[in-house]
Amino acid sequence: MTSTPEAHIGDATLGKAADENFPVAPFFLPRAWRDDLMAVYGFARLVDDIGDGDLAPGGADARHLGLEPEQSDDRLTMLDAFETDLHRVFATTGEEPRHPLLRNLRPTVRRRALTPAPFLGLIEANRQDQKIRRYGTYAELAAYCELSANPVGRLVLALTGTASPERIRRSDAVCTALQIVEHLQDVAEDLERDRIYLPAEDMERFRVTESDLAAPSAGASVRALIAYEAQRASELLKEGPPLVGSVNGRLKLLLAGFVGGGRSALTAISAAGFDVLPGPPKPTKPSLLREVGIVLRRARGER
């Protein structure tokens, strides 16, 4: 029997986990946790792909959401349909979710008693991406990260039954830092999409113009701006070791992987001389492992 692209509609989306700065569902976790984390990742990755226009060609995602294939390029319509299908995940009656990745999410939602709010936040962040392409202040960017990044950390804590107000506060700081790091890596790619996630107030302070960001490589002013934003992310990541130290077992390793991933990405940005314009500086595996070790030592109170 010949398989169809629709039979593997989620494969390409889930396969992007290998390209993230941090391990999404590493082997050392219990199988149930890995399955739940990948179900949540599938949702988050697909909603970002809708918002970025990175869906697989052919319109299969649109068809699964009850739309015509040519509507794949209408991002707001796709996001609306995706949100409608998300509500089916949480409904106790009526039809099951239409999209395979959302059908896969439903058992996780029920098993872990997840709430809609974090998922809706991720959808709203991608709606915002269609309407807002520049951020005047860091406060505005942080509010965007509250929608685009912080829900992911909150979902990890909910999945593992470890959420508390203090852990959520620290997780929010780490997730905002990871989002800033990703923005720094993707300055050139985002600009091609007519998006800038560097606060305008900071660009003005360092005398950086949009044409400077479009150059093949960064001048001194751009490098200084990137270094400034990287330091801001580094300060937020300092909430990581206390968060890691507050949990036990394999979850400690998972969270250390997230924090270490951010730290190693910042190391890569620094090693590139803060010139992110030729392409995203990527962390190496040895760097990631080294940074995870540092995070674990600091979580134990060592230097």
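The legends below describe close-up views of side-chain contacts in a predicted model. Residues are numbered from 1 along each chain as its sequence is written, and side-chain values use heavy atoms, with hydrogens and water left out. Because the model is predicted, local features need pLDDT of at least 70 and side-chain atom pairs count only at pLDDT 80 or more, whereas totals for chains, interfaces and linings use all residues.

**View 1. Phe43 and Phe82 form a stacked aromatic pair.** The structure holds seven aromatic pairs (rings of Phe, Tyr and Trp, the last by its six-membered ring, with centres within 6.5 Å; planes under 30 degrees apart count as stacked, over 60 as edge-to-face and the rest as tilted). In the pair shown, the rings of Phe43 and Phe82 are 5.2 Å apart centre to centre, with 25° between the planes. Phe43 belongs to helix H2 (residues 31–52) and Phe82 to helix H4 (residues 75–90), so the pair ties together parts that are 39 residues apart in sequence (helices are DSSP runs of H or I with at least four residues, numbered from the N terminus). Phe43 is buried at 1% relative accessibility, and Phe82 is buried at 0% (buried means under 20% relative accessible area, exposed over 50% and partly exposed in between, with a 1.4 Å probe and protein chains only). Ring pairs also link Phe43 and Phe82 with Phe90 and Phe119 in a cluster.

View 2. Arg31 is exposed, with a relative accessible area of 55%, while Asp35 is partly exposed at 38%. A search of the whole structure finds 28 salt bridges.

**View 3. Asp194 and Arg134 form a salt bridge between distant parts of the chain.** The closest N and O atoms of this pair are 2.8 Å apart. Asp194 lies in the loop between helix H10 (187–192) and H11, and Arg134 in the loop between helix H6 (117–131) and helix H7 (138–148), 60 residues apart. Asp194 is partly exposed, with a relative accessible area of 38%, as is Arg134, with 31%.

Conventions. Helix = DSSP H or I, 4+ residues; strand = E, 2+ residues; numbered from the N terminus. Salt bridge = Lys/Arg side-chain N within 4 Å of Asp/Glu carboxyl O.
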